[in-house]
Amino acid sequence: MRDVTSAGKALAELRALYEPFVNALAAHFQFALPPFQPEKPPVDNWQTSPWMQRSPDLGGLPGASDEDNHFD
């Protein structure tokens, strides 16, 4: 998914296939649909603890960088 423009176009085409039906069902059953993308990123279970501060996302963990290519 490095090519953002083609990925966005493909996603828009896929959404166009089902969105009219989902919107019609939501209107028929009288409920509001949630937004397509969340307003803020969700928090995974591994990032939370009742005793500690929230962990950073994967990109913010120590040692996570583009320069670390030992798997190549």
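This is a predicted model: local features need pLDDT of at least 70, side-chain atom pairs count only at pLDDT 80 or more; totals for chains, interfaces and linings use all residues.
Glu-19 and Arg-15 sit four residues apart in helix H1, so about one helical turn separates them. Keep that pair in mind, as it comes back below.

**The Glu-19 and Arg-15 pair**
- These two residues form a salt bridge, with 2.6 Å between the closest N and O atoms.
- The structure's salt bridge count is one.
- Glu-19 is partly exposed, as its relative accessibility is 25%.
- Arg-15 also falls in the partly exposed class, with a relative accessible area of 24%.

**Arg-15 and the ring of Phe-36**
- Besides its salt bridge to Glu-19, Arg-15 lies over the face of Phe-36.
- The distance from Arg-15 to the ring centre of Phe-36 is 3.7 Å.
- If you're looking for aromatic pairs, the structure has zero of them.

**Helix H1**
- H1 runs over 4-29 and has 26 residues.
- From its first C-alpha to its last, H1 reaches 35 Å, which is close to the 38 Å expected at 1.5 Å a residue.
- H1 has a kink of about 40° at Tyr-18.
- That kink comes shortly before a proline, Pro-20.

**Just past the helix: Gln-30**
- Gln-30 belongs to the segment after H1.
- Its phi is positive, about 55°, although Gln-30 is not a glycine.
- This positive phi turns up just after H1.
- Gln-30 is exposed, because its relative accessible area is 73% and anything over 50% gets that label.

**Surface and burial**
- The chain has 72 residues, and buried ones make up 4% of them.
- Its accessible surface comes to about 7,100 Å².
- Carbon and sulfur atoms account for 60% of that surface.

Note on methods: Residues are numbered from 1 along each chain as its sequence is written. Side-chain values use heavy atoms; hydrogens and water are left out. Rings of Phe, Tyr and Trp (its six-membered ring) pair if their centres lie within 6.5 Å; planes under 30 degrees apart count as stacked, over 60 as edge-to-face and the rest as tilted. A charge sits over a ring if NZ of Lys or CZ of Arg is within 6 Å of the ring centre and within 35 degrees of the ring normal. Buried means under 20% relative accessible area, exposed over 50%, partly exposed in between (1.4 Å probe, protein chains only). Accessible areas come from the Shrake-Rupley method with a 1.4 Å probe; for residues, only the protein chains shown count as cover. Helices (H or I, at least four residues) and strands (E, at least two) are DSSP runs, numbered from the N terminus. The expected span of a helix is 1.5 Å times one less than its number of residues. The bend at a residue is the angle between axes fitted to the seven residues ending there and the seven starting there. A salt bridge is a side-chain nitrogen of Lys or Arg within 4 Å of a carboxyl oxygen of Asp or Glu.
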